[in-house]
Amino acid sequence: MQFLLSLQGLTYTTADGRALFDNLDLAFGRERTGLVGANGIGKTTLLKLLTGELSPGGGKVMRSGDLKMLHQDLVPGPADSIADAFGTRAALAQMAQVLSGETAFDADMDVDWTLEARMAEALARIGLPALEPDHLLGALSGGQRTRVALAALLFDQPDMIILDEPTNNLDQDGRAAVARVLGDWRGGAVVVSHDRGLLRQMDRIVEISTLGVQTYGGNWDFYQEQKQAERAAADATLMHAEKQLGETARKIQTVKERKARSDSRGQKSRAKGGMPKILMNARRDRAESTSGHLANVATHLQEDARAAVDAARQRVEQLKVPSVKLPSTGLAAGRNVLELESVSGGYDSDAPILSGLSLKITGPERIALVGPNGSGKTTLLRLMTGDMAPLAGTVRRPSTQALLDQHVGMLDRQASIRDNFRRLNPKDDKTACRAALARFLFRADAALQTVGALSGGEMLRAGLACVLGGGKPPELLLLDEPTNHLDLPSIAAIEAGLKDYDGALVVSSHDADFLAAIGIAREIRLPVAHTPMI
């Protein structure tokens, strides 16, 4: 296989002295590679090394062919347009001048008369309508901007594309469009993602973990099977080594006790007398020699056993994931949790986002809000919690509830994680606060961090700690895109915790694997056109 990107002996150390990569050899060809690993492990740093945004401390990065990258955060300027995203502003302006007669056509001019048509085709490929080239990017949603950026990336037909979390802000249609593009892609692709559906499109998975960088020759499901087998084998090896260390210690103790009893009998015999002095001294010297030999043997045995344990422990991946264990809400099966009757909601009474909506949630139901971006899922959640007053109709809330929105809006950005927890859980004492935050990996001084200084994933984890970690969880829990910034191990931990939650659950999420894992049993589907619903 021809390699488009290759790393040879690459090393990289962060500014604070943390070694991310040491003598790394890795190559990428015309295949689709999923890059996975916990938040902060070095995925985005590796992408920047691949593209040349960062320089390695040692080793080489070799590139062959044209390389384009889609960044995770796309923030356009106020005057940036579709044409700017495609890099065609100047070419389109020249074409317009020729067509208007402002500039005389010259045969030497490099004018691409198919440019607008090809741009429209690229947008259609990623599931967008034919937007005008001068359409401002700032007028688009985050998901639409991501799709435009991907269309522009593919427009130049590069040999290799690098995508950093391409489906983070996309609805199901957007995710499906990205999956189709990658399914048809015949160049090289490196994709950082926690979207398990997208990772199933990959030809191989490269994982960065505490054990280093490992390649798995298959898609996400194959990788999962291999990882489970590896973890089971590593855990079994560690358990065996620890058992051997314990048995070694017990055997050494048994030998010591036997030797002590033998020495005691010898001392008593010498005390009685009747043995020639030269024989007594010989026995004493032999006993001392035996004790020294046994001590040396014991030391070597223990060192070998400890070394075996250390070696086995180094092969066990050290995963830091939240531990979500929730106390019971006490919610009865037949209890009415929430009721909406003929509710309309939005920001404009003449053009409501939702209209004529009626629904009832009873007992510990698990419900998914389903619909494309802009269909009103977040609006419905805000109506449910009372954060937004309905334009018409009635909302009844007979139970306790909490909302974790995708922007973690309940947290005070200027306060610490600990102070936010105490404010949102006033009945929990300091000990309960420390224990809850520790379960979500905010231990000791980490709990004193200011929320505004946290990364996106850390902020969501802090929000989960404050909403789920208290002594009395809400009877109705509403989640708005809860997995957007979490890594895959953390998503798995949240899934495990929510499985044990015995309250009512309403979730807005485009992550089909997440919804399946937490046992969603009912869907409320919101249409694109906001028509009355019963």
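The lining of the second largest pocket divides into 12 nonpolar, 21 polar and 12 charged residues. Here Ala, Val, Leu, Ile, Met, Phe, Trp, Tyr, Cys and Pro count as nonpolar, Asp, Glu, Lys and Arg as charged, and the others, Gly among them, as polar. The model is predicted: local features need pLDDT of at least 70, side-chain atom pairs count only at pLDDT 80 or more, and totals for chains, interfaces and linings use all residues. Residues are numbered from 1 along each chain as its sequence is written, and side-chain values use heavy atoms, with hydrogens and water left out.

Stop 1: Select Gly142, Asn169, Asn373, Gln406 and His407, which are the closest to the centre of the second largest pocket among its 45 lining residues. The space in this pocket is about 1,100 Å³. A pocket is an open set of points on a 1 Å grid over the protein atoms alone, where a 1.4 Å probe fits, with protein on both sides within 12 Å along at least five of seven lines; lining residues have an atom within 4 Å of a point. The volume is the space filled by probe spheres set on the points, which are joined across faces, edges and corners. Next, colour α5, α10 (377–385) and α13 (456–468), the elements that give two or more residues to the lining. Helices (H or I, at least four residues) and strands (E, at least two) are DSSP runs, numbered from the N terminus. Of the elements, α5 gives the most, with 6 residues.

**Stop 2: helix α4.** Select residues 115–125 and find Leu115, Met119, Ala122 and Leu123, which are buried (under 20% relative accessible area, with exposed over 50% and partly exposed in between; 1.4 Å probe, protein chains only). They lie on the same side of α4 because they cover an arc of only 100° around the axis, taken from the directions from the helix axis to the C-beta atoms. On the other side, Ala117 and Glu121 are exposed. Show α2 (82–86), α3 (89–100) and α5 (142–155), which are included in what covers the buried residues.

**Stop 3: the loop between β6 and α6.** Select threonine 167, in the loop between β6 (160–164) and α6 (172–184). What joins its side chain to that of aspartate 195? The link is a polar contact of 3.0 Å (N or O atoms within 3.5 Å; within protein, one must be able to donate a hydrogen and the other to accept it, and residues adjacent in sequence count only if both atoms are side-chain atoms). Threonine 167 counts as buried because its relative accessibility is 2%. Glutamate 165 is in this loop too, with a positive phi near 50°.

**Stop 4: leucine 441.** Finish in the loop between α12 (430–439) and α13, where leucine 441 is found. Its phi is near 75°, a positive value in a residue other than glycine.

Technical notes. Contact means heavy atoms within 4.5 Å.
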